Amino acid sequence: MVIDDTLLNKLEKLSSLKVSDDRREEIKKQLSEIVNFVEVLNELDLSQDEAVVSAINAATPLREDTPQQSDVVRSILAHAPHREGNFFAVPKIIE
């Protein structure tokens with residue numbers, strides 16, 4: 001497929017990009033090469049193959065979802081200069 005000025009103008013509009021006049025020929029050539037490469041992939045016969053999401057044919061191992069006690073709050077509050085219960089105590093700034 002050959003990318004012409006009309007198609008390049010349409011791509012510029014769709015992508016909200018502006019291609020400078022001195023780079024237009026280079027961009028058209030590169031886009032044509034990309035499209036030609038993708039067209040080669042269309043020649044593959046994939047009718048006997050099924051789509052895969054991953055190359056590994058295994059599921060994610062699951063673990064039992066059990067609640068656990070954590071002492072993170074206690075260890076963080078141990079370093080607080082002032083606290084009230086399980087919260088930091090800070091000076092009041094709004095009356």
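Me: What is the mean pLDDT of the chain?

Reply: pLDDT is the predictor's confidence in each residue, from 0 to 100. Where it is low, the predicted coordinates should not be read in detail. In this chain the mean is 88, and 100% of the residues reach 70 or more. This is a predicted model, in which local features need pLDDT of at least 70 and side-chain atom pairs count only at pLDDT 80 or more, while totals for chains, interfaces and linings use all residues. Residues are numbered from 1 along each chain as its sequence is written, and side-chain values use heavy atoms, with hydrogens and water left out.

Me: How many salt bridges does a search of the whole structure find?

Reply: Side chains of opposite charge can pair when their charged atoms come close. A salt bridge is a side-chain nitrogen of Lys or Arg within 4 Å of a carboxyl oxygen of Asp or Glu. The search finds five. In one of them, Lys 28 pairs with Asp 5, with the closest N and O atoms 3.0 Å apart. Lys 28 is in helix α2 and Asp 5 in helix α1, 23 residues apart; helices are DSSP runs (H or I, at least four residues), numbered from the N terminus.

Me: Is Lys 28 buried or exposed?

Reply: Buried means under 20% relative accessible area, exposed over 50%, and partly exposed in between (1.4 Å probe, protein chains only). Lys 28 is buried because its relative accessibility is 10%.

Me: Which residues does Ser 32 touch?

Reply: Contact means heavy atoms within 4.5 Å. Leaving out residues up to four places away in sequence, Ser 32 touches Met 1, Val 2 and Ile 3. Ser 32 has 11% relative accessibility, so it counts as buried.

Methods: Helices (H or I, at least four residues) and strands (E, at least two) are DSSP runs, numbered from the N terminus.
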